[in-house]
Amino acid sequence: MFIADTHSDTLYALGVTHEQHPMITPERLKQGGITLQTFALWTGRDGNKGDYEAIVAAEMEQVPGCLAKGLKQVDDPSEAMEGENAFMLSIEGGEVFEKDLSTVAAWRQKGVRMAALLWNNDNQLGYPAKHGDKRGLTDYGVAVVKEMQRVKMAVDTSHLNETGFYDIFAKTNHAPLASHSCCKALCDHPRNLTDDQLRLLIRNGGYVGVNFYPYFLSDDGKADVKRVAEHIDHICQMGGEKIVGFGSDFDGIEVTPDGLENPALVPNLLEELRRRGYTEEAVEGVAGKNLLRYFENL
């Protein structure tokens, strides 16, 4: 089965905090049958007020080690083959694009296939969901999104505020994805997507990778495999069976759902979907084929 995960912070854990026991390891990816793991290049907690260039450079320095451990780097999800363990690069923080528009194509040439416009800090592109700011994308932010679309780099709206999210649909020409987000109807957190946002993604062929962070899954921060499945099911019940998948946030979260502590246990989530009556075709879609479809149409 093709299984994909659209967000993790493993390169930061390895290259910046020097985590000795990361959640994601080649062995666990193999045990869980993860065909494609996305590794984010996070610009750091301080955004453009920090040394984001040094942070991203330290994360990039971990890529050769991943290759040496048997992981395969791919430029497109379609290049990841079942039975292998591949990774693809993303960016979390549009600070790397602030100098000028040419930086978008430059990062695309380095293998980055998706990028979140920001994390929890304002930047020259827009404003985060965390702060409740009502301003939308800046003019430069819109220009960056259009350039990303031109070079076939997926626009990631996780962490982006609602106004900025709607700007992408109103001012540009391709549906974005949310690499690691959950449903606000089930957990009222600023980082989660409203049903109206989900309807837009469903109607326009976007994508949502459901986050495994318990505090995005439940108001009390308690979650298990069943709770993750409930968020997936909510999107499916809205008609989003073909646009939903996994965005674990492994190595970027300090707690995990019971039964989903690392990628080796992702089969538990697949079994929970089957238990809920999902057909094998639907399970395969959520596992990874929906992501393949999104990129085919990018």
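This is a predicted model: local features need pLDDT of at least 70, side-chain atom pairs count only at pLDDT 80 or more; totals for chains, interfaces and linings use all residues.

Student: Okay, which residues line the largest cavity?

Tutor: Its lining is made of Ile3, Ala4, Asp5, Ile34, Gln37, Phe212, Phe246, Ser248, Phe250, Pro263 and Val266. By class, that lining splits into eight nonpolar residues, two polar and one charged.

Student: And what volume does the largest cavity have?

Tutor: About 40 Å³. The count of cavities of 30 Å³ or more comes to one.

Student: What about pockets? How much space lies in the largest pocket?

Tutor: About 590 Å³. The largest pocket has 27 lining residues, and the ones nearest its centre are Asp9, Arg45, Trp119, Gly252 and Ile253. Ten residues of that lining are nonpolar, eight polar and nine charged.

Student: And the second largest pocket, what's its volume?

Tutor: That pocket has about 250 Å³. It is lined by 19 residues, with Ala129, Asn161, Glu162, Lys184 and Pro190 closest to its centre. Here the classes are four nonpolar, ten polar and five charged.

Student: Which residues of α6 are buried?

Tutor: Gly141, Val142, Val144, Val145, Glu147, Met148 and Gln149. What covers them includes helices α5 and α7 and strands β5 and β6.

Student: What happens just after α6?

Tutor: Lysine 152 takes a positive phi there, about 65 degrees.

Student: Now threonine 172. Where is it found?

Tutor: In the loop between α7 and β7.

Student: Why does threonine 172 count as buried?

Tutor: Because its relative accessible area is 13%, and buried means under 20%.

Student: So what does threonine 172 touch?

Tutor: Leaving out residues up to four places away in sequence, threonine 172 touches Val142, Val145, Lys146, Gln149 and Asp167. With glutamine 149 there's a polar contact between the two side chains, at 3.0 Å. Also, a polar atom of the threonine 172 side chain lies 2.5 Å from the backbone oxygen of isoleucine 168.

Technical notes:
Residues are numbered from 1 along each chain as its sequence is written. Side-chain values use heavy atoms; hydrogens and water are left out. Buried means under 20% relative accessible area, exposed over 50%, partly exposed in between (1.4 Å probe, protein chains only). Helices (H or I, at least four residues) and strands (E, at least two) are DSSP runs, numbered from the N terminus. Contact means heavy atoms within 4.5 Å. A polar contact is a pair of N or O atoms within 3.5 Å; within protein, one must be able to donate a hydrogen and the other to accept it, and residues adjacent in sequence count only if both atoms are side-chain atoms. On a 1 Å grid over the protein atoms alone, a cavity is a set of points where a 1.4 Å probe fits but cannot get out, and a pocket is an open set with protein on both sides within 12 Å along at least five of seven lines; lining residues have an atom within 4 Å of a point. Grid points are joined across faces, edges and corners, and a volume is the space filled by probe spheres set on the points. Ala, Val, Leu, Ile, Met, Phe, Trp, Tyr, Cys and Pro count as nonpolar, Asp, Glu, Lys and Arg as charged, and the others, Gly among them, as polar.
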